[in-house]
Every structure is written in structure tokens, then in C-alpha cells.
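This report describes a single predicted chain, its helices and its pockets. The sequence and model are shown first.

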Amino acid sequence: MSFKEGQQIVNHISNINIIGSKNGLIQTLKDYETGKSEDYKGLRIDDFMPSTYRLDILSDEIQFMKDENDGLWIQKPCG
């Protein structure tokens, strides 16, 4: 997109859903942590974010059931 003087431009960022939605952000951070990103520097999600699970993914659901917790959970609707 190039800026043309005197014309309105649209505020749009390509692929914003990778950080603009809850599921997209979590998946992007998990991909980063597992080294799927070429920019991976060793930062762990657990260092700055509480445990997060996508219950529509079987492996996350299994991990959720296995993890120790203090009995407090926040469930956010998706969609």
C-alpha cells in the first residue's frame, strides 16, 4: 500500500488475527516458544503469561486435565 497525498487510506494491518484474537495470540506465542519461529530467543510464555489452554485442541485439553492448579479458572468464550 502506498500513501497518496490527499486520499484517505484504510487502517488495516495484514494478518492482524495472529495477535488480534485470543486464539491467534496464544497459537503465535506457542509457535514462538516451540521454536517454529525463526526469531525464537528462548523466552518462555510462562515467564509473562498465566497458563492458557485451548480446549478445542485435544493436546491442550489433556494438559489442562493433568496440570496442578489451585482451583481458580477463568473461561472466556470464543468467537
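At 58% relative accessibility, Asn15 counts as exposed, where exposed means over 50% relative accessible area, buried under 20% and partly exposed in between, with a 1.4 Å probe and protein chains only. Asn15 lies in the segment before α1 and has a positive phi of about 60° although it is not a glycine. Most residues other than glycine have a negative phi.

The model is a predicted one, in which local features need pLDDT of at least 70, side-chain atom pairs count only at pLDDT 80 or more, and totals for chains, interfaces and linings use all residues. Residues are numbered from 1 along each chain as its sequence is written, and side-chain values use heavy atoms, with hydrogens and water left out.

**Fold and confidence**

The chain has three helices and zero strands, in the order α-α-α along the sequence. Helices (H or I, at least four residues) and strands (E, at least two) are DSSP runs numbered from the N terminus. Of the 79 residues of the chain, 10% count as buried. Among contacts (heavy atoms within 4.5 Å) between residues at least 6 apart in sequence, 19% join residues at least 24 apart.

The mean pLDDT of the chain, the predictor's confidence in each residue from 0 to 100, is 77, and 77% of the residues reach 70 or more. Among the elements, α3 has the highest mean pLDDT (89) and α2 the lowest (82). Where pLDDT is low, the predicted coordinates should not be read in detail.

**Helix α2 and its surroundings**

Helix α2 has twelve residues and reaches 17 Å from its first C-alpha to its last, close to the 16 Å expected at 1.5 Å a residue; the expected span is 1.5 Å times one less than the number of residues. Within α2, the residues Gly24, Ile26, Leu29 and Lys30 are buried, and the buried residues of this helix pack against α1 (17-20) and α3. Ile19, by contrast, belongs to helix α1 and is exposed, with a relative accessible area of 51%. The C-alpha atoms of Ile19 and Leu29 are separated by 9.0 Å, and the two residues are ten apart along the chain. Just after α2, Gly35 takes a positive phi of about 85°.

**Pockets**

On a 1 Å grid over the protein atoms alone, a pocket is an open set of points where a 1.4 Å probe fits, with protein on both sides within 12 Å along at least five of seven lines; lining residues have an atom within 4 Å of a point. Grid points are joined across faces, edges and corners, and a volume is the space filled by probe spheres set on the points.

| Pocket | Volume |
|---|---|
| Largest pocket | about 930 Å³ |
| Second largest pocket | about 260 Å³ |

The largest pocket is lined by 25 residues, and Thr52, Tyr53, Ile74, Gln75 and Lys76 lie nearest its centre. Helix α2 (residues 22-33) gives the largest share of this lining, four residues. By class, the lining of the largest pocket holds twelve nonpolar, six polar and seven charged residues. Here Ala, Val, Leu, Ile, Met, Phe, Trp, Tyr, Cys and Pro count as nonpolar, Asp, Glu, Lys and Arg as charged, and the others, Gly among them, as polar.

The second largest pocket is lined by 15 residues, with Lys30, Glu33, Asp46, Ser51 and Thr52 nearest its centre. Its lining divides into five nonpolar, four polar and six charged residues. Both α2 and α3 (58-66) supply at least two residues of this lining, and α2 provides the largest share, three residues.
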